[in-house]
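Please load the model in a viewer and keep the selection panel at hand.

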Amino acid sequence: MRTKNSRIRRVCAAACTVPLLVLGGAVTAIAAPAAATATTASVTRSVQQSSPEEILTLVNTERKNAGCEPLTVDPRLAAAAQAHADDMAANNLTAHTGSDGSSYLARMEKAGYSPAGPSSENVSGPGHDSSKSHVDGWMVSTKGHRAAILNCEYKQTGIGTSGQYAVELFAVQSR
């Protein structure tokens, strides 16, 4: 195993060094291992993982500022939201329609949740690198995402995240 890992490291080091030699000359090649490490570290830090808990906290802060009660998580809505976030990530979609043609209402029903009143869905995808970025995007959206967050009639939610994708479902209650 050690020999295989050493071989992989040498190949990776060579692959990273060649572009540096071409672009920056021999002096850059001497600093290549440090530069490659610094670049990898900065890229890793810039892409944060969103979490349902952070999104809920941010959404409930927006709702509080608008005079609404905080949303509570229903596990069935969370399951439906997570399934759609996973589907969007797997199929490179950013849409309210699933890859199987399902609507958010159909996904709620499939998860065992039957809305007893108004319901809605917010989705977002690539270009949002954190929970805050997803919520900020929804809050400046002209497509009803802000209205869903600030609809005081909604009492329950479910949130799912997968990579750069996020889904939030809103509902009054289940039947």
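In which sense do E3 and E4 pair, and over how many bridges? E3 and E4 pair in the antiparallel sense, over seven bridges. Strands (E, at least two residues) and helices (H or I, at least four) are DSSP runs numbered from the N terminus, and two strands pair if DSSP finds at least two bridges between them.

The model is predicted: local features need pLDDT of at least 70 and side-chain atom pairs count only at pLDDT 80 or more, while totals for chains, interfaces and linings use all residues. Residues are numbered from 1 along each chain as its sequence is written, and side-chain values use heavy atoms, with hydrogens and water left out.

**The whole chain**

Begin with a cartoon view. The chain has seven helices and four strands, and along the sequence these follow the pattern α-α-α-β-α-α-β-α-α-β-β. Of its 175 residues, 35% count as buried; buried means under 20% relative accessible area, exposed over 50%, and partly exposed in between (1.4 Å probe, protein chains only). Among contacts between residues at least 6 apart in sequence, 67% join residues at least 24 apart, where contact means heavy atoms within 4.5 Å.

**The sheet**

Select the four strands next. They form an open sheet in the order E1-E3-E4-E2, with mixed pairing. E1 and E2 (119-124) are the edge strands, each pairing on one side only.

Select E1 (72-73) together with E3 (156-162). E1 and E3 pair in the parallel sense over two bridges. Threonine 72 stands opposite glutamine 156, and valine 73 has threonine 157 as its bridge partner.

Seven of its seven residues are buried, so E3 is largely enclosed by the rest of the structure. In a regular strand the side chains alternate between the two faces of the sheet. Here Gln156, Gly158, Gly160 and Ser162 point one way from E3, and Thr157, Ile159 and Thr161 point the other way.

Isoleucine 159 in E3 stands opposite glutamate 168 in E4. The hairpin of E3 and E4 has two residues between the strands, and glycine 163 takes a positive phi near 60° there.

**The aromatic pair**

Show the side chains of tyrosine 154 and phenylalanine 170. A pair of aromatic rings is described by the distance of the centres and the angle of the planes. These two rings form a stacked pair, 5.6 Å centre to centre with 25° between the planes. Rings of Phe, Tyr and Trp (its six-membered ring) pair if their centres lie within 6.5 Å; planes under 30 degrees apart count as stacked, over 60 as edge-to-face and the rest as tilted. By this rule the count comes to one aromatic pair.

**The disulfide**

Select cysteine 68 and cysteine 152. Their sulfur atoms are 1.9 Å apart and form a disulfide, defined as a pair of cysteine sulfur atoms within 2.5 Å; a search of the whole structure finds one. The torsion about the S-S bond is about -70°, so this disulfide is left-handed. Cysteine 68 lies in the loop between H3 and E1 and cysteine 152 in the loop between H7 and E3, 84 residues apart. Cysteine 68 is buried, with a relative accessible area of 8%, whereas cysteine 152 is partly exposed at 30%.

**Helix H3**

Move to H3 (52-65). This helix has 14 residues and reaches 20 Å from its first C-alpha to its last, close to the 20 Å expected at 1.5 Å a residue; the expected span is 1.5 Å times one less than the number of residues. Which residues of H3 are buried? They are Ile55, Leu56, Val59, Asn60 and Arg63. These cover an arc of only 125° around the axis, which puts them on the same side of H3; the arc is that of the directions from the helix axis to the C-beta atoms. E1, H6, H7, E3 and E4 are among the elements that cover them. On the other side of H3, Thr57, Lys64 and Asn65 are exposed. Glycine 67 follows H3 and has a positive phi, near 85°.

**Serine 131**

Finally, select serine 131, in H6 (residues 131-139). Serine 131 counts as buried, at 2% relative accessibility. Not counting residues up to four places away in sequence, serine 131 touches Ser50, Ser51, Glu54, Ile55 and Leu58.
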